Amino acid sequence: MRYDMIKDVTSLREVYPEPKGSPIDKVRYELDDHCRKFIAHSPFLVLGTSGDVSPKGDHPGFVAVLDKKTVLVPDRRGNNRLDSFQNIVTNPQVSMIFFIPGVNETFRIRGEGEITVDARLLAPLALNGKAPQAGLIVHVREAYLHCGKAILRSKLWNQDAKIDPRILSGRDFLADHVGRDREEFEEYYDQNLNSAMVEEGRT
């Protein structure tokens with residue numbers, strides 16, 4: 001079956017008109033007080049790199065604003081896949097979108113990333129005395145607040161929209177994908193999760 005496809009910007013703009021007004025005017029090229037406040041209250045972001053997206057979460061304000069053009073994202077203990085870091089080494093272009101629970105608007109940053117292991121930068125981001133082993137420095141090229149339409153449409157913060165976890169169990173999902181017995185996988189999963197949480201003093 002053949003589909004009608006768009007393959008160039010000119011054709012795309014025949015379907016969607018050029019943006020104007022606030023969608024253009026809202027773009028900042030450095031972080032002002034509003035941007036800093038949003039970052040300071042955000043416990044969760046999604047990091048986009050070339051060919052990958054990755055969730056990052058921690059206590060509110062876990063991302064440090066180093067100056068008006070630079071932020072630092074600590075890299076806590078994980079699964080060591082390093083998909084994002086490997087992408088950044090070859091292509092430094094990154095995007096981030098910050099979320100705050102209960103807030104419909106999101107905050108977006110586009111820029112260039114680089115990986116640091118500089119102890120002087122990472123030490124202030126220590127959690128219970130344990131500094132992150134590395135961090136992502138993002139040099140801000142563009143920053144702007146994104147309207148809340150997607151959050152409102154999805155009812156993401158609506159308690160009534162939550163599903164019963166028995167309908168979709170992440171552990172069942174993973175156990176089937178890695179080909180492990182459910183009970184065996186659950187023990188493995190809990191051990192890895194708990195060891196990371198204990199090491200960082202979260203339990």
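**Pocket, aromatic pairs and cavity**

Me: Which residues line the second largest pocket?
Reply: Pro19, Ser22, Pro23, Ile24, Lys26, Val27, Arg108, Arg110, Tyr144, His146, Cys147 and Lys149 line the second largest pocket, where a pocket is an open set of points on a 1 Å grid over the protein atoms alone, with protein on both sides within 12 Å along at least five of seven lines, and lining residues have an atom within 4 Å of a point. This is a predicted model, in which local features need pLDDT of at least 70 and side-chain atom pairs count only at pLDDT 80 or more, while totals for chains, interfaces and linings use all residues. Residues are numbered from 1 along each chain as its sequence is written, and side-chain values use heavy atoms, with hydrogens and water left out.

Me: What volume does the second largest pocket have?
Reply: The second largest pocket has a volume of about 260 Å³, that is, the space filled by probe spheres set on grid points joined across faces, edges and corners.

Me: Changing topic, how many aromatic pairs does the structure hold?
Reply: The structure holds 3 aromatic pairs. One of them joins Phe38 and Phe107, a tilted pair at 5.9 Å centre to centre with 40° between the planes. Rings of Phe, Tyr and Trp (its six-membered ring) pair if their centres lie within 6.5 Å, and planes under 30 degrees apart count as stacked, over 60 as edge-to-face and the rest as tilted.

Me: What does that pair tie together?
Reply: Phe38 lies in helix α3 (residues 33–41) and Phe107 in strand β6, so the pair ties together parts that are 69 residues apart in sequence. Phe38 counts as buried at 10% relative accessibility, and Phe107 is buried with a relative accessible area of 2%; buried means under 20%, exposed over 50% and partly exposed in between (1.4 Å probe, protein chains only).

Me: What about Phe44 and Phe99?
Reply: Phe44 and Phe99 also form a tilted aromatic pair, 5.8 Å centre to centre and with 55° between the planes. This pair links distant parts of the chain, with Phe44 in strand β1 (residues 44–49) and Phe99 in strand β5 (residues 93–99), 55 residues apart. Phe44 is partly exposed at a relative accessible area of 32%, whereas Phe99 is buried at 15%.

Me: Which residues form one aromatic cluster?
Reply: Phe38, Phe98 and Phe107 form one aromatic cluster.

Me: How much space lies in the largest cavity, and which residues line it?
Reply: About 60 Å³ of space lies in the largest cavity, a cavity being a set of points where a 1.4 Å probe fits but cannot get out. The largest cavity is lined by Leu45, Leu47, Lys56, Val73, Pro74, Asp75, Phe85, Met96 and Leu136. Two or more of the lining residues are given by each of β1 and β4 (70–75), and the largest share, 3 residues, comes from β4. The lining of the largest cavity divides into 7 nonpolar, no polar and 2 charged residues.

Notes: Helix = DSSP H or I, 4+ residues; strand = E, 2+ residues; numbered from the N terminus. Nonpolar A, V, L, I, M, F, W, Y, C, P; charged D, E, K, R; others polar.
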